[in-house]
Amino acid sequence: MSLMEKQKTRALILAAGKGTRMNSSVSKVLHTILGKTILEYVVEALEFSSIERIGVIVGSHNIEEVRKVLNDRVDYIVQRQQLGTGHAVMSATDWLKEFNGSLLIMVGDAPFINSKIIKQILTKQQTGNKAVCFLTAVSKNPLPWGRVVRDKNGKVLRIVEEKDATIEEKKIREVSSSHYCFDWQSLKQALAEIDNNNVQTEYYLPDVIKILVKKGLDVETEISNDFLTSFGINTPADLEFAESQMKSIGQIND
């Protein structure tokens, strides 16, 4: 029996955002690429045997539309107010009430995430029962994502959102993908300590990283040199780019 099969694992997909930059009445995660919704790509990447349940965080504005697409493949958790990614995970507390194991957290707008990468971060988190392992990407020209701040020895200190980053922090080439695997008990305690003292006045999930570090818990990363695995869709231009890349991948596989 493999390590992943011995420990309980659940997955949570963050899909409650309204995606206003898409300039569309269609929920961002329900836009399609080659005939399949963005959200379906993420769900399919998570449908392997060691994950006992998949939950999707939705809003009151999109739950019915999401349900029409996914039916009973997942559980639905409603985030009543849009107060940030940390708040979204807090909304799943009841769903996780009796749970004790590894919790994968994925964003629902990242169609290139795949089961291979997910299994890698899951295995790395479960090896030694680390508090978290999260996926990062390195690029010469980083997208406007959270920067991974490390000390001189390469140890992770925190993730800082681009809007809150200093000029020096914005020069960091390693960014967080927003895909994580947490020990749920460690995450639950850290969530109770985050605040909304930031530009967006939101509860950021990445803020738990610095809390876990301060507690002396093990924080690990899986670094990818393929930024596509981390690419998230926020604008019509992103959607067009993703579709062109999907077509190219299909042609290569053919």
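Trainee: What covers the buried residues of H3?
Mentor: This is a predicted model, in which local features need pLDDT of at least 70, side-chain atom pairs count only at pLDDT 80 or more, and totals for chains, interfaces and linings use all residues. Residues are numbered from 1 along each chain as its sequence is written, and side-chain values use heavy atoms, with hydrogens and water left out. Contact means heavy atoms within 4.5 Å, and helices (H or I, at least four residues) and strands (E, at least two) are DSSP runs numbered from the N terminus. The cover of H3 includes helix H2 (38-46), strand S4 (53-58) and strand S5 (75-78).

Trainee: Which residues of H3 are buried, and what arc do they cover?
Mentor: Buried means under 20% relative accessible area, with exposed over 50% and partly exposed in between (1.4 Å probe, protein chains only). In H3, residues 63-70, the buried ones are Ile 63, Val 66 and Leu 70. They lie on the same side of H3, because their arc around the axis, taken from the directions from the helix axis to the C-beta atoms, is only 65°.

Trainee: Which residue just after H3 takes a positive phi?
Mentor: The phi in question is about 50°. The residue is Asn 71.

Trainee: Which residues of H6 are buried, and what do they pack against?
Mentor: In H6 (residues 184-191), Trp 184, Ser 186, Leu 187, Ala 190 and Leu 191 are buried. Their arc is only 160°, which puts them on the same side of H6. They pack against helix H4 (85-90), strand S6 (102-107), strand S10 (174-183) and helix H7 (207-214).

Trainee: Is Val 208 buried or exposed, and what does Val 208 touch?
Mentor: Val 208 has its place in helix H7. Its relative accessible area is 0%, so Val 208 is buried. Leaving out residues up to four places away in sequence, Val 208 touches Phe 182, Leu 187, Ala 190, Leu 191 and Ile 194.

Trainee: What radius of gyration does the protein have?
Mentor: The radius is taken over C-alpha atoms, and the globule rule is 2.2 Å times the number of residues to the power 0.38. For 254 residues, a compact globule would be near 18 Å, which agrees with the protein's 17 Å.

Trainee: How many helices and strands does the protein have, and what share of its residues is buried?
Mentor: There are 8 helices and 11 strands. Of the 254 residues, the buried share is 50%.
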